Amino acid sequence: MSITKICDFDEACSLWSFRLPVADVQDLAHVNSKYSDEFLVGGVSWRIHVQQRAEPATKVVYLAVHLQCLTQDPRGTFAHFKLTACNANPDQAKEKTFHCQFKKYGSAWGLHHFIELDRLLDPNAGFIDYATPEEGRFAYDVHSAKVSSVTPVVHIDALVRVMQPEADGTYALANLPNYSRRNAGPGYNSPGRGSMAGSISRGHVTSAPQPPVVAPLQYPYDETLCDMTFALQGDVGMKAHRC
C-alpha cells in the first residue's frame, strides 16, 4: 500500500507517511496483517506492518503498528525511530519513539496496542482524512457530505534514523529531528494548511532530542513474537515488543 517520502533530514534519516485506507483497517478483522510498500532509509529497506490485536482481559481492540526491516546484515541493523498515528490536531496524534536492534531479515519492532481501534476510527477524533485520489486533496470537516470519490484514510508516519556502529562495534544514541506539523494535517496537502515539505523547508526543524524508548540489553534475542518492557525517561515502564 502507498507510502510517501515527506522529507530527507540527512542520508541516514527520513520521514515517510503510510496512507492506510479505513477499509483496509476494518479488513484487519478478517486478515492477519497488512503492509506498506517498501521504502529505503540509510541504505536499509523497511516497511510498516499493521494488524488488529485485542487485549485479552478487557477485550479492547487495538491497531498494532510495527517497523519491519527487510535488509540482511550479519551485524544486525540498529535504528532510532518514531511511529505516529497522525491527527488533524497534531497535539492529539498518537506517537511512540524506539531505539532497537533488528537482528535479521524480517525482524520488526513496535507496539501490539499502539492505538485503540475505536478511537482511531471515530469520525470526530481527527485521525481520519477524506482523500480525493484524483486530486490528492484532503478535507477535514468530518460533518461534511462525502461523495463517492472520497476515500477515508488514516496516516501512519515513520521517522527513521539508521544507526552506524562505532569503531569498537558499539552504537551511540543519536537524536531524531524535532519536526513541526503546525501547518499540516495528517494528509500534508490540505487546502489552506500548507504541506509538510513546505513547513520543513521554512525552517521549522530543530535538532532537539526527544526521549526515546530504549531497549535494555537483557531482552531475549530469539526471533519469536515476544512482549518486552522498555525503560522510559522518569522510570516509567511500558509494554512493547518485537516480532
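In the predicted model, C7 is a buried residue whose relative accessible area is 12%, and C86 is likewise buried, with a relative accessible area of 1%. The disulfide count comes to 0; for C7, the nearest cysteine sulfur belongs to C13 and lies 8.4 Å away, and because a disulfide requires two cysteine sulfur atoms within 2.5 Å, C7 is in no disulfide.

Charged side chains were examined next. Side chains of opposite charge can pair when their charged atoms come close, and the structure holds 6 salt bridges. One of these joins K5 to D8, with the closest N and O atoms 3.0 Å apart; K5 is partly exposed at 38% relative accessibility, and D8 is also partly exposed, at 44%. A further salt bridge brings together the side chains of R75 and D73 at an N to O distance of 3.2 Å, and in this pair D73 is buried, having a relative accessible area of 18%.

The side chains of E95 and K82 also meet in a salt bridge, at 3.9 Å from N to O. This pair links distant parts of the chain, with E95 in strand β8 (residues 94-102) and K82 in strand β7 (residues 77-85), 13 residues apart. E95 is partly exposed at 35% relative accessibility, whereas K82 is buried at 5%.

Finally, G43 is located in the loop between β4 (39-41) and β5 (44-54), where a relative accessibility of 65% classes G43 as exposed. The C-alpha atom of G43 is separated by 8.5 Å from that of V162, although the two residues are 119 residues apart along the chain.

Technical notes:
Residues numbered from 1 in each chain as written. Predicted model: local features only at pLDDT ≥ 70, side-chain atom pairs only at ≥ 80, totals over all residues. Heavy atoms only, no water. Buried < 20%, exposed > 50% of the residue type's maximum accessible area, 1.4 Å probe, protein only. Helix = DSSP H or I, 4+ residues; strand = E, 2+ residues; numbered from the N terminus. Salt bridge = Lys/Arg side-chain N within 4 Å of Asp/Glu carboxyl O.
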